[in-house]
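User: Please take me through this structure by way of questions and answers.

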Amino acid sequence: MCGRPPAGSLDGMTMTTGTRRAEAVLLREVRRTYGTGDAAVTALAGVSVGFRSGSFTAVMGPSGSGKSTLLHCAAGLDRPTAGTVTIGGTDLGGLSEHRLTTLRRDLVGFVFQEFNLVSALTAAQNVALPLRLAGRRPDPADVAAAVASVGLAQRGAHRPSELSGGQQQRVAIARALVTRPAVVFADEPTGALDLRSSRHVLGLLRAAVHEQGQTVVMVTHDPLAAAYADRVLFLADGHLVDELTGPGTPGDAGFAAEVAARMARLEA
Ligand SMILES: Nc1ncnc2c1ncn2[C@@H]1O[C@H](COP(=O)(O)OP(=O)(O)OP(=O)(O)O)[C@@H](O)[C@H]1O
């Protein structure tokens, strides 16, 4: 947020792999099955995909296609039934719950559709929360800068109930970015917002990628939102079935139309 590289910088992995842009997150043959026997549901049927450091990826697909499951497995919030997930070169499968929690805290930020702010805390206190949870004493200037960076300099002392939905989501984004995580996972971040607020939020996520070098993976149902990403992945029945690369212009109308056409085909 302050022009510094992400705290979870993946340089070490870049050197060991010898590639300029390492995979911040890598899924290999990830399967996730819920339930057993006749009641078993295969949410992910063997997905292999990488998210390069400094990239913005949107994940789309019909309802029930496995988008949230993919996001949760990639973020270490859920454990795959089979396959491997690595974040910053670390295989999550081998980690204890405690180490997994620490890795998420150090390398990962989250943005949810429903904001998930703590209602009793002010905007600034919400933004400072991940630093406190990491045992750090937040520098008020850093917190103020994070709040200002999402356009809420005058609102730091307000509680969530005193903010609009769009403002609350901007607080959630500042909170997700304040520790400068290598990867931000966003699950329908604009699902509850109007068009203007959505654009603002998507612009902030894009800036995190293109100005701060962070990596964003965003699940969305909205082709206009997906058109802010550099790449759009399409899931169907737990499989990765299609992929589009954007023209590099945020919210490009032609790209959004192409994304909508691919979605319409999947939903037909
Ligand atoms: N905890 C669970 N127990 C049983 N089945 C589940 C569970 N979570 C998800 N599923 C099933 O796994 C499949 C994929 O679900 P998932 O939530 O990943 O899809 P999605 O693409 O995110 O859907 P939506 O767009 O509707 O949010 C669905 O068939 C869903 O019913």
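**Ligand shell, helix contacts and backbone**

Analyst: Divided by class, the shell around the ligand holds 3 nonpolar, 8 polar and 1 charged residues. (Ala, Val, Leu, Ile, Met, Phe, Trp, Tyr, Cys and Pro count as nonpolar, Asp, Glu, Lys and Arg as charged, and the others, Gly among them, as polar.) The model is predicted, and local features require pLDDT of at least 70, side-chain atom pairs count only at pLDDT 80 or more, and totals for chains, interfaces and linings use all residues. Residues are numbered from 1 along each chain as its sequence is written.

User: Which element gives the largest share of the shell around the ligand?

Analyst: The surrounding residues are Tyr34, Gly35, Val41, Ala43, Gly61, Ser63, Gly64, Ser65, Gly66, Lys67, Ser68 and Thr69; a residue is near a molecule if its C-beta atom, placed from the backbone, lies within 6 Å of it. Both β2 (41-52) and α2 (67-74) supply at least two residues of this shell, where helices (H or I, at least four residues) and strands (E, at least two) are DSSP runs numbered from the N terminus. The largest share, 3 residues, comes from α2.

User: How are α4 and α5 placed relative to each other, parallel or perpendicular?

Analyst: The axes of α4 (residues 123-133) and α5 (residues 140-149) come within 9 Å and cross at roughly 115°; axes are lines fitted to C-alpha atoms, for helices over the stretch in contact, and angles run from 0 to 180 degrees between N-to-C directions. Angles under 35 degrees count as roughly parallel, over 145 as roughly antiparallel, 65 to 115 as roughly perpendicular and the rest as oblique. Therefore α4 and α5 are roughly perpendicular.

User: Which classes of residue make the contact of α4 with α5?

Analyst: From α4 come Ala123, Ala124, Val127 and Ala128, and from α5 come Val143, Ala144, Ala146 and Val147; two residues are in contact if their C-beta atoms, placed from the backbone, lie within 7 Å. With no polar and no charged residues, the contact has 8 that are nonpolar.

User: How is α4 placed relative to α6, parallel or perpendicular?

Analyst: Residues Ala123, Asn126, Val127, Leu129 and Pro130 of α4 meet Val171, Ala174 and Arg175 of α6. These residues divide into 6 nonpolar, 1 polar and 1 charged. The axes of α4 and α6 (residues 165-177) come within 7 Å and cross at roughly 30°. That makes the two helices roughly parallel.

User: What covers the buried residues of α4?

Analyst: Ala123, Ala124, Asn126, Val127 and Ala128 are buried in α4; a residue is buried if 20 or more other C-beta atoms lie within 10 Å of its own, exposed if 12 or fewer, and partly exposed in between, with C-beta atoms placed from the backbone. What covers them includes α5 and α6.

User: Is arginine 180 buried or exposed?

Analyst: Arginine 180 lies in the loop between α6 and β7 (183-187), and its phi is near 50°, a positive value in a residue other than glycine. Most residues other than glycine have a negative phi. Because 20 other C-beta atoms lie within 10 Å of arginine 180, this residue is buried.

User: What is the phi of aspartate 237?

Analyst: Aspartate 237 sits in the loop between β9 (231-236) and β10 (239-245). Aspartate 237 is partly exposed, with 15 other C-beta atoms within 10 Å. Although aspartate 237 is not a glycine, its phi is positive, at about 50°.
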